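User: Hi! I'm new to reading protein models, and I'd like to go through this one with you. Could you put it up on the screen?

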Amino acid sequence: MNTKAVLYALLAFAIFSTHDVVVKYLSVSLSAFQIVFFSSLLSFPLLTLMMVQDKTLDGLRPKYPGWTILRSLIIPIIPTGAFYAFSVLPLAQAYALFFAAPLLITLLSIPVLKERVGLHRLLAVAVGFLGVVVVLRPGATELSWGHAAALLAAFGNATQSVILRKVGSAEKPVVLMLYPLLATVLVMALALPFTYQPLQGSELGQLALVALLGFFATLLVVKAYALGEATTVAPMQYSQIIWASAFGSLLFGEALDVATLMGASIVIASGVFIVMREARGGKSENRPVLQTRSRAVSSFGANVSVFLRQRGGRNTED
């Protein structure tokens with residue numbers, strides 16, 4: 001079963017990478033706020049298809065309103081930061097910075113989940129952040145808002161993942177899915193008057209494609225986790241660095257940056273080590289990185305973990 005799970009995951013992340021290529025093309029003429037607004041708006045019908053399978057639609061009041069509001073306010077930041085990073089950074093460099101999310105999840109799990117993090121995982125986090133420094137190369141390259149946006153997206157993804165791990169088992173899936181999407185549309189709508197550009201027919205089509213690609217990639221991730229072990233499926237997300245390097249070189253003329261690839265390799269190795277360390281148990285009770293199934297830089301990404309619980313997929317709980 002794990003072989004099928006790996007294939008589903010690899011296909012999912014290839015589609016996610018294609019999703020990001022379309023976003024990068026759109027960012028030439030549209031702001032990140034506008035792209036996030038319309039792709040989220042176009043996601044509503046698709047999200048409805050996911051929610052109709054929820055048997056708990058008898059009420060929309062959250063059991064943890066504070067955490068739900070905080071997560072709903074954080075989630076709009078993630079695709080906005082990621083989409084802006086795509087517009088100004090090489091794809092491979094943006095991904096390398098997004099991959100810092102598992103390191104941040106490990107640290108945030110200490111105060112939020114009261115997770116006991118041993119020395120080995122702390123050392124892995126430290127090594128991972130060294131990889132981030134290698135990618136950024138302070139002093140050798142000029143740091144930009146794009147780098148800050150990518151790191152902000154990674155931090156936002158880590159924060160929402162830890163919150164979801166804390167309250168997700170008690171909250172209704174519809175609450176965890178609907179409110180963040182509503183918040184995203186509302187926040188982006190407030191920014192839209194300052195950034196709006198009239199849409200061409202081709203741009204509207206590309207926005208619809210962004211929503212569709214995010215939706216189908218999400219379903220494939222769900223299928224992968226339903227079939228295989230999380231320890232096998234989770235590392236497949238790092239295959240995106242291969243697609244990013246290929247797409248960046250072929251479609252955008254982005255030169256393969258040795259320092260970026262070296263730094264990404266360090267970050268990826270640290271993330272995989274943390275996943276494997278959590279899988280072995282030890283001091284880890286919550287397994288926050290291992291249980292994170294979201295790829296939140298798309299409109300649907302933050303709902304992967306929610307939909308897995310809704311479908312009763314494999315490995316959703318320890």
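User: Let's start with Arg137. Which residue does Arg137 form a salt bridge with?

Analyst: Arg137 forms a salt bridge with Asp257, and the closest N and O atoms are 3.0 Å apart. A salt bridge here is a side-chain nitrogen of Lys or Arg within 4 Å of a carboxyl oxygen of Asp or Glu. Keep in mind that this is a predicted model, where local features need pLDDT of at least 70, side-chain atom pairs count only at pLDDT 80 or more, and totals for chains, interfaces and linings use all residues. Residues are numbered from 1 along each chain as its sequence is written, and side-chain values use heavy atoms, with hydrogens and water left out.

User: Where do Arg137 and Asp257 lie?

Analyst: Arg137 lies in the loop between helix 8 and helix 9 (145-167), while Asp257 lies in the loop between helix 13 and helix 14, so the pair ties together parts that are 120 residues apart in sequence. Helices (H or I, at least four residues) and strands (E, at least two) are DSSP runs, numbered from the N terminus.

User: Is Asp257 buried, partly exposed or exposed?

Analyst: Asp257 counts as partly exposed because its relative accessibility is 27%. Buried means under 20% relative accessible area, exposed means over 50%, and partly exposed is in between (1.4 Å probe, protein chains only).

User: How many salt bridges does the structure hold?

Analyst: The structure holds four salt bridges. Among them is one where the side chains of Glu115 and Arg121 meet, at 3.3 Å from N to O. The side chains of Glu278 and Arg121 meet in a salt bridge as well, at 3.4 Å from N to O. Glu278 is in helix 14 (residues 258-279) and Arg121 in helix 8 (residues 119-136), so this pair ties together parts that are 157 residues apart in sequence. Glu115, Arg121 and Glu278 are linked in a network of salt bridges.

User: And why does Arg121 count as buried?

Analyst: Arg121 counts as buried because its relative accessible area is 3%. Glu115 is buried too, at 4% relative accessibility, and Glu278 and Arg121 are both buried.

User: What about Lys114? What is phi there?

Analyst: Phi of Lys114 is near 60 degrees, a positive value in a residue other than glycine. You'll find Lys114 in the loop between helix 7 (101-113) and helix 8. With a relative accessibility of 63%, Lys114 counts as exposed.

User: New topic: rings! How many aromatic pairs are there?

Analyst: The count comes to eleven aromatic pairs. Rings of Phe, Tyr and Trp (its six-membered ring) pair if their centres lie within 6.5 Å; planes under 30 degrees apart count as stacked, over 60 as edge-to-face and the rest as tilted. Phe86 and Phe98 form an edge-to-face pair, 5.5 Å centre to centre with 85 degrees between the planes. This pair links distant parts of the chain, with Phe86 in helix 5 (residues 77-88) and Phe98 in helix 6 (residues 91-98), twelve residues apart. Phe86 is buried at 0% relative accessibility, and Phe98 is buried at 11%.

User: Why is the pair of Tyr95 and Phe99 stacked?

Analyst: The ring centres of Tyr95 and Phe99 are 6.2 Å apart and the planes are at 15 degrees, so the pair is stacked. Both Tyr95 and Phe99 are buried.

User: Which residues form the aromatic cluster?

Analyst: Phe83, Phe86, Tyr95, Phe98, Phe99 and Tyr238 form one aromatic cluster.

User: OK, over to the surface. Which residues form the nonpolar patch?

Analyst: Tyr25, Leu250 and Leu251 form a nonpolar patch on the surface, with about 330 Å² of accessible area together. Patches are made of residues with over 30% relative accessible area and no salt bridge: like charges are joined within 9 Å, nonpolar side chains (Val, Leu, Ile, Met, Phe, Trp, Tyr) within 5 Å. Accessible areas come from the Shrake-Rupley method with a 1.4 Å probe, and for residues only the protein chains shown count as cover. Leu250 is found in helix 13 (residues 240-252) and is exposed, with a relative accessible area of 72%.

User: Last one: what is the place of Ala124?

Analyst: Ala124 is in helix 8, and at 7% relative accessibility Ala124 counts as buried. Ala124 and Thr106 are 18 residues apart in sequence and 9.9 Å apart in space, C-alpha to C-alpha.
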